Every structure is written in structure tokens, then in C-alpha cells.
Amino acid sequence: MKIDFASLDKSYLENKVEIDNITTDIFSNAQFILGEQTSQLEESLKNYVGSEYALGCASGTDALILALMALNIGADDEVITTPFTFIATAEAIAFLGAKPVFVDIDPRTYNIDPNKIEKSITSRTKAIIPVSLYGQISDMDAINKIAKDNGLFVIEDAAQSFGATYRGRRSCGLSTIACTSFFPAKPLGCFGDGGAVFTSDRLLYEKMHALRVHGQTKRYIHKYIGIGGRLDNLQAGILNIKLKNYEKDIERRQKVANWYSNELADIVTTPYLQEFNTSVYAQYTIEVDNREELQDFLAQNGIPTAVHYPIPLHLQECFQYLSYEKGDFLVSEQKSKTVLSLPMNPYLFEEEVQYICDIIKKFIQ
Ligand SMILES: *Cc1c(COP(=O)(O)O)cnc(C)c1O
């Protein structure tokens, strides 16, 4: 059997007629950047999330940069985040001249440990960026309370959790600003780069609206120094189609996760979901001690896997100047050696998941 990791081609085939129609339309109208599909998407996104405003932008990375810029974060500021995430989270902070300050993760959820945040706050701290890793939202009530007590902003990095819920409320509607990504491999992916920012603060929305187009408030009138961070109309058109079926995709992902967990919970560490959360399973990630051997064995049997992430950010060469050392974040360091993401997409059949689990069992027993 040959298994797909993310099955990106199937998401086109499933909506082929609608996607072909919308792309032909946009090619004929030649409205390529922002445009009608983008406005329509922004309306649907904010309604879906339950925030006052949503803005499409060029990527999840640009979404983080727009959020930090809107909050005036730059040189001399510190931003608290997790070292166990994709590079973009901390990169955006550093890119703007601010200092990423890492706080270790909860060993069960892999998300920033709220109990460890407060002792890292200094007079320079401006914001906290919790990352909702693998599709599960961080403990936002606890994080928002710490932020409120200390006068900080909260930016949810929801690149992996769009559609997930926390105490019945959706990811991206739980913080000062939230950022998501529509990179093809994310739970809601387009067919290129894309992202969005969310807020319920009108002034922040207006500022990000301008920052997205070079700080422009009217044509060629530049109030701020901004970025070229616009969304393509084509990507927005594809997202409008995919968003209509997104709840069904989430249910299928959750079903796949349940098949895995039912088979594997007794033999490896399977994802732990806090009782007030639902996950969209951007990744289905297990833990094993002999990860590389298991990866090889799975590959020999036609099963692709991935490691999210093999090196925690405080040990990356680009962040050497922050002077962190091995041993500073023991939970993140240990997890980076044991986590393994299995194939996860809405198109997996139960027999395929069963096959993958049988191979894992054969390896372990
Ligand atoms: C993918 C991802 C990003 C960046 O999104 P892009 O659209 O690839 O720029 C940021 N943070 C996290 C946690 C991600 O997984």
C-alpha cells in the first residue's frame, strides 16, 4: 500500500468543477490581487470565527508581521513565545527587531505552559504569542489573564488551528489579534500562499488594512511604513469554495484521529486533548523513543512521516545571538527527539489507517 501524507491533489479533485469555474472567471476578469473574492472571504472568515474583523493577507508569516507592526512592536521590545513551533513565529518577532523570549511547553499539549510565563515577563515585554500547535488551542483564558494583569497583548498563532474550538469558541477569536495560514498543507489550505489576521478592535483592523498595502490609507497616501502583504483573488476564490466544506473536512480529520488513537493509545503516546478543546489535527503526532528506526520502517512500507519539529528554536543557529543554551527548555528538547507525525488528511480510509497502525504494531512488538 502507498499512503499520502497530506493528499493535496484530492482537495482539488473533490471541488474540481467549482474551482475550474472560479479560476476561469478570475482569469477573464483579470482581477488578480485582493478583489471581490477576497472581500467575500473576509466576510465569511469573520463570521466563521466570531470576530469583528478579518483581513486576508499573503501568508501566515505576513499575518504575524502585520499583527506585531499594528501593535508597534519593534526594537527594545520583548515578545514571549514557545520554542517548540515552526520558525515563522519567532522569526516575525526578530524580523521587526524585537527579542523573542522563549517559555517551555506543557508536556501533554505541546503548547506554551501558562504556569511558566509570568517569571519571564520584564518591563520590556509587550506581547505573548501562544501557538496552537498541531491543531489544538493553547489555554487562552489562563494566558489572557496573565496578559491582562501585566498589560500585554496576546497574538494567537493559529496557523495550525483554524476551525478548532476552545470552550466552545473558535480559534482566531480569542485574543487581541490572531493570525492564520492557508499554506496548502494547513487544515484549510489554498493552492499557493495565503493567510489572514483577525481582531475585534476597529483601530487595529484599520491599521492592518493599511499596513497590508504599504501603509496606504488612500491611493499613494502612505500613513505608515507597511509591507506588500496582499492576498491573491485567485487564492481567495479557492478558499471561498473550500470554506463551505470545511466543517466536513474537520469531521473527517477527527474521525481519522480517532481511528489512530483507538489502535495506538496502548502502545505509543497519542495526542492528548484538553477536555475543553476540539482539535483540527493539522498533524496527528505520536511519541516514540526510537523514532528514526520507526520512521525508516514505515518508509520501507510506503508510509510517509514527518517531524514537527526536530530542533527547538532556541537551539537554531539563527537565534544563537539570544544566548540560550542546551538544557534551557528541557520539555521542548525532549519532545523534539520523540515526536513523529503520521499521515493526516480528510481523505484517508479506515483500512489505510489500520494498515499504518498494523505496521507500527509490528515494529513495536
Ligand atoms: C505554517 C506556520 C506559520 C507560517 O505560515 P506561512 O503561511 O507558511 O507563512 C506560522 N506559524 C506556524 C505555527 C505555522 O505552522
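Which residue forms a salt bridge with D106, and how many Å apart are the closest N and O atoms? The partner is R108, and the closest N and O atoms are 3.3 Å apart. Keep in mind as you look around that this is a predicted model.

**Salt bridges**

D106 is buried, as its relative accessible area is 13%, and buried here means under 20%. R108, on the other hand, is partly exposed, with a relative accessible area of 42%.

| Salt bridge | N to O distance |
|---|---|
| D106 and R108 | 3.3 Å |
| E206 and R202 | 2.8 Å |
| K361 and E263 | 2.5 Å |

Let us take the second row. E206 and R202 both belong to helix α7, which covers residues 202-211, and because they are four residues apart there, about one helical turn separates them. E206 is partly exposed, with 38% relative accessibility, and R202 is partly exposed too, at 46%.

**Strands**

Next, find strand β1, at residues 53-57. Is this strand largely enclosed or largely open? Four of its five residues are buried, so β1 is largely enclosed by the rest of the structure. Strand β9 (residues 195-199) runs antiparallel to β1, and five bridges join the two. Within this pairing, A54 stands opposite F198 of β9.

A second pairing involves strands β13 (residues 284-287) and β14, which are antiparallel and share four bridges. Here E287 stands opposite V339 in β14.

What covers the two faces of a strand is worth a look as well. In a regular strand, side chains alternate between the two faces of the sheet. Strand β14 (residues 339-342) has V339 and S341 on one side and L340 and L342 on the other. These four residues are all buried, and both faces of β14 are covered.

How values were computed:
Residues are numbered from 1 along each chain as its sequence is written. This is a predicted model: local features need pLDDT of at least 70, side-chain atom pairs count only at pLDDT 80 or more; totals for chains, interfaces and linings use all residues. Side-chain values use heavy atoms; hydrogens and water are left out. Buried means under 20% relative accessible area, exposed over 50%, partly exposed in between (1.4 Å probe, protein chains only). Two strands pair if DSSP finds at least two bridges between them. A salt bridge is a side-chain nitrogen of Lys or Arg within 4 Å of a carboxyl oxygen of Asp or Glu.
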